Amino acid sequence: MFAPYPFERLSALLQGINPPFASIDLSIGEPQFPTPLATQNALKEHTSTLRFYPKSGGEAFLKQAQIDFVSKRFGVRLTPAQILPTLGSKEALFSFPIFYLHGKAQPSIALPDPLYQVYLGSAQVAKAQILFMPLNPANHFTPQLDPKSRPHLVILNSPNNPTGRALSLEELTNWVKRALDHNFMLVNDECYSNIYSATPPPSILQACLQAGNQNFKNVLAINSLSKTLSAPGLRSGYIAGDSQVLQAYQVFRSYSGCAIPLPLQHASAVGWLDFKAQEAIRQLYATNLALAQEILDVHVAPTSFYVWWEVHKGQEFARYLYTHTGIKVLPGDFLSPLNSPHTQHFVRVALVYEAMQDILKTLKATHQTYLKSVAC
């Protein structure tokens, strides 16, 4: 049923290669910056709470921290019924479509292409018809739904992985209006919303207010601390918006064993409110985005920490790069269920190290050598 995960495909592609240098992994979006000490210390200080069962719906103190984060970051004030702590964003992105599409006649879901593989796996478990929204240079990597389509659920990803494209508030507002007009559930995966160069990208929750949808009907935002705080191991996320849908989803989650351990909830509550540390991490990524723009001399989107880099042949270049430098990047077509032709010429580069300047210079020089070898 399930295709191999992109990183399994990458391991198979690079199998048997012995690079001359120690491996540098730019294929996966795993931050290499240290997790802030305040969050680490909060985790250590609350290990005694391991003896308690955590609530599947999260403790009140964690919900409040997330409510305060959303208020500070997006200017949107939520009630406790409008937000639900999750075991990272991945848990919600996988389980919510299964929950929401269950029992619907001929369920259907619209997904971007390329995409985060978890969306696809969830749709397959739900046995849903998948309507793909291709993201390519011709449409400026903009998700577009056929006007005649009537999916039950649409998943957006803005800022986008892998292209870095962030939808404007106006674009998100139009999506909200369409979700209301055609009565489909709209989910935005916003886990990169705190990674940007200068202008913070908007949330789908802000778009709801812009559209006059004060109760967030038919709309949910999913977010995570993984990138915001360099803490993917904390597994701290939230799903927020339509309270009626969240009430039923919380019941569903109570069966799944996805409750966040209490020490992690205490650390998360500190992390969601550590705006100083979040800003310091954002600035590190902003520096990397600027360096990538300058050194690679290609368009680099000012949001998320990926470079969606056109390199001629993605898989071929990934092998060449790893063979000569030990640097791993992810071929673009590994993220495309449709195997879209344009994705075959791209690689995704994750700007996750603190010292990226020399790495980026190596990438550029190796790509130039690769192109010469292809021309020969």
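Pro162 touches Pro114, Tyr306, Trp308, Leu335 and Arg348, leaving aside residues up to four places away in sequence. The model is predicted. Five salt bridges are counted in it. A search of the whole structure finds one cavity of 30 Å³ or more. Helix H10 (residues 262-272) is mostly covered.

- Pro162 sits in the loop between strand S5 (153-157) and helix H6 (169-182).
- Pro162 counts as buried because its relative accessibility is 0%, and the cut-off for buried is under 20%.
- Val307 is 145 residues from Pro162 in sequence. In space, the two are 7.4 Å apart, C-alpha to C-alpha.
- Tyr306 and Trp308 are among the residues that Pro162 touches.

**Salt bridges**

- Side chains of opposite charge can pair when their charged atoms come close.
- Arg253 and Glu91 meet through their side chains in a salt bridge, at 2.8 Å from N to O.
- This pair links distant parts of the chain, 162 residues apart. Arg253 belongs to helix H9 (residues 243-253), and Glu91 to helix H4 (residues 88-101).
- Both ends of that bridge are covered. Arg253 is buried, with a relative accessible area of 1%. Glu91 counts as buried at 10% relative accessibility.
- Glu279 forms a salt bridge with Arg282, and the closest N and O atoms are 2.8 Å apart.
- Glu279 and Arg282 both lie in helix H11 (residues 275-296). They are three residues apart, about one turn of the helix.
- Is Glu279 buried or partly exposed? Glu279 is partly exposed, because its relative accessible area is 30%.
- Lys55 forms a salt bridge with Glu59, where the closest N and O atoms are 3.8 Å apart. The cut-off for a salt bridge is 4 Å, so this pair falls within it.
- Glu59 counts as buried, with 15% relative accessibility.

**Nonpolar surface patch**

- Phe2, Phe94 and Val125 form a nonpolar patch on the surface. Together they have about 260 Å² of accessible area.
- Phe2 lies in the segment before helix H1 (6-14).
- Phe2 is partly exposed, with a relative accessible area of 48%.

**Cavity**

- Rolling a probe the size of a water molecule over the atoms shows where empty space is left.
- The largest cavity holds about 70 Å³ of space.
- Which element gives the most to the lining of the largest cavity? S5 does, with three residues.
- Ile155, Leu156 and Asn157 are among the lining residues.
- The lining also includes Pro112, Leu135, Phe141 and Pro143.
- Further lining residues include Ser158, Asn160, Thr163, Arg165 and Leu167.

**Helix H10**

- How many of the 11 residues of helix H10 are buried? The count is 10.
- The buried residues of H10 include Leu262, Pro263, Leu264, Gln265 and His266. Ala267, Ser268, Ala269, Gly271 and Trp272 are also buried.
- The cover over these buried residues includes the helices H2 (37-45), H3 (60-74) and H8 (225-228). Strand S7 (219-224) and strand S8 (236-241) also contribute.
- H11 is part of the cover too.

How values were computed
Residues numbered from 1 in each chain as written. Predicted model: local features only at pLDDT ≥ 70, side-chain atom pairs only at ≥ 80, totals over all residues. Heavy atoms only, no water. Buried < 20%, exposed > 50% of the residue type's maximum accessible area, 1.4 Å probe, protein only. Helix = DSSP H or I, 4+ residues; strand = E, 2+ residues; numbered from the N terminus. Patch = residues over 30% accessible without salt bridge, like charges linked within 9 Å, V, L, I, M, F, W, Y side chains within 5 Å. Areas by Shrake-Rupley, 256 points an atom, 1.4 Å probe, with all protein chains shown as cover. Contact = heavy atoms within 4.5 Å. 1 Å grid on protein atoms, 1.4 Å probe; cavity = no way out; pocket = protein on both sides within 12 Å on 5 of 7 lines; lining within 4 Å. Points joined across faces, edges and corners; volume = space filled by probe spheres on them.
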